[in-house]
Amino acid sequence: MDSQDYLNQISAEAKPAKNNTGLMKIITSKYFMWGMIALAALIVMMIFGSIMGSNKKPSLEVECYTLNLHLSSDVELIDTYQPNVKSSKLRSLSASLKGIFSNTSSQLTNYMEQAFKIDEKKLANYAEEAELNKEALNEDLFAAKINGLLDRTYAHKMALEIYTIISDETGIIDTAKDDDLKSILKNSQTSLENLYNEFSNFSETET
């Protein structure tokens with residue numbers, strides 16, 4: 001063996017053998033690659049499903065229930081703060097608003113008793129959310145009262161409440177198939193639309 005052949009032999013022996021066993025063999029396996037692709041696809045599907053689930057429109061039962069909670073809460077707050085309103089015109093508007101809210105709530109309650117089997121335990125989260133919204137509005141009105149700003153704040157807040165109620169009613173009307181339910185809410189909207197302008201345009205110069 002000449003010197004060149006000897007060097008070639010040493011060089012060949014020094015090269016590491018390809019590692020086709022163990023972890024590298026698993027990672028480079030076509031089955032492993034397909035498995036990773038399938039896993040990635042599953043994760044994407046789960047994320048998409050979660051997004052779609054979070055955007056799912058509440059059921060008609062839930063929408064009616066939450067609307068009724070909103071109406072009842074507003075009636076309670078009107079009873080609390082209306083006597084402290086200075087403007088006689090604003091008190092009159094407030095009394096009219098209470099009448100509409102109370103009437104709609106009463107009719108909605110009767111409708112739900114016939115149309116749904118309300119399970120308040122299953123709807124507890126919605127009740128808690130309604131209570132939190134009520135407390136937030138109460139805090140704003142109480143702060144306005146002790147700072148001598150109740151009339152302007154009350155008119156502004158009630159205008160926002162009317163707007164929200166009308167919006168919620170529209171959402172139900174657009175999806176409901178029952179004409180009786182639609183009639184209840186449409187009558188409410190007609191009355192509230194007139195009051196909305198009155199509350200929105202209220203000025204403290206009016207007595």
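Guide: Let's start with Asn-68, which sits in helix α4. Bear in mind that this is a predicted model.

Visitor: Why is Asn-68 called buried?

Guide: Its relative accessible area is 10%. Buried means under 20%, so Asn-68 gets the label.

Visitor: What is Asn-68 in contact with, leaving aside neighbours within four places in sequence?

Guide: Ser-105, Leu-108, Thr-109 and Met-112. Among these, Ser-105, Leu-108 and Met-112 are themselves buried residues of α5.

Visitor: And how do you know that the length of α5 agrees with what a helix should span?

Guide: Helix α5 covers residues 88-115, which is 28 residues. The expected span takes 1.5 Å times one less than the number of residues, and here that gives 40 Å. The end C-alpha atoms of α5 are 40 Å apart, so the two agree.

Visitor: What makes Ser-87 a cap for α5?

Guide: One of its side-chain oxygens lies 3.3 Å from the backbone nitrogen of Lys-89, at the N-terminal end of α5. A polar contact needs N or O atoms within 3.5 Å, so that pair qualifies on distance.

Visitor: Which helices do the buried residues of α5 pack against?

Guide: α4 (60-81), α7 (150-175) and α8 (179-200). The buried set in α5 includes Leu-97, Ile-100, Phe-101 and Tyr-111.

Visitor: How does α6 do on the length test?

Guide: Helix α6 runs over residues 124-146, so 23 residues. From first C-alpha to last it reaches 33 Å, close to the expected 33 Å. Its buried residues are Ala-130, Lys-134, Leu-137, Leu-141 and Ala-144, and their cover includes α4 and α7. After α6 comes Gly-148, with a positive phi near 70°.

Visitor: Back to α4, then. Is His-70 buried or exposed?

Guide: His-70, also found in helix α4, has a relative accessible area of 19%. The cut-off for buried is under 20%, so His-70 counts as buried. Not counting residues up to four places away in sequence, His-70 touches Glu-161, Thr-164, Ile-165 and Asp-168.

Visitor: What label does Glu-193 get, and why?

Guide: Glu-193 lies in helix α8, and its relative accessibility is 43%. Exposed would need over 50% and buried under 20%, so Glu-193 counts as partly exposed.

Visitor: How do you look for empty space?

Guide: Rolling a probe the size of a water molecule over the atoms shows where empty space is left. The largest pocket found here holds about 460 Å³.

Visitor: Which residues lie nearest the centre of the largest pocket?

Guide: Of the 21 lining residues, Thr-66, Leu-67, His-70, Asn-133 and Asp-168 are nearest. The largest share of the lining, nine residues, comes from α4. Each of α4, α6 and α7 supplies at least two lining residues.

Visitor: Last one: how many helices and strands does the protein chain have?

Guide: Eight helices and zero strands. Of its 207 residues, 29% count as buried. Counting contacts with a separation of 6 or more, 79% join residues 24 or more positions apart. The accessible surface comes to about 13,800 Å², 55% of which belongs to carbon and sulfur atoms.

Definitions and conventions. Residues numbered from 1 in each chain as written. Predicted model: local features only at pLDDT ≥ 70, side-chain atom pairs only at ≥ 80, totals over all residues. Heavy atoms only, no water. Helix = DSSP H or I, 4+ residues; strand = E, 2+ residues; numbered from the N terminus. Buried < 20%, exposed > 50% of the residue type's maximum accessible area, 1.4 Å probe, protein only. Contact = heavy atoms within 4.5 Å. Areas by Shrake-Rupley, 256 points an atom, 1.4 Å probe, with all protein chains shown as cover. Polar contact = N/O pair within 3.5 Å; in protein donor to acceptor, adjacent residues only side chain to side chain. 1 Å grid on protein atoms, 1.4 Å probe; cavity = no way out; pocket = protein on both sides within 12 Å on 5 of 7 lines; lining within 4 Å. Points joined across faces, edges and corners; volume = space filled by probe spheres on them.
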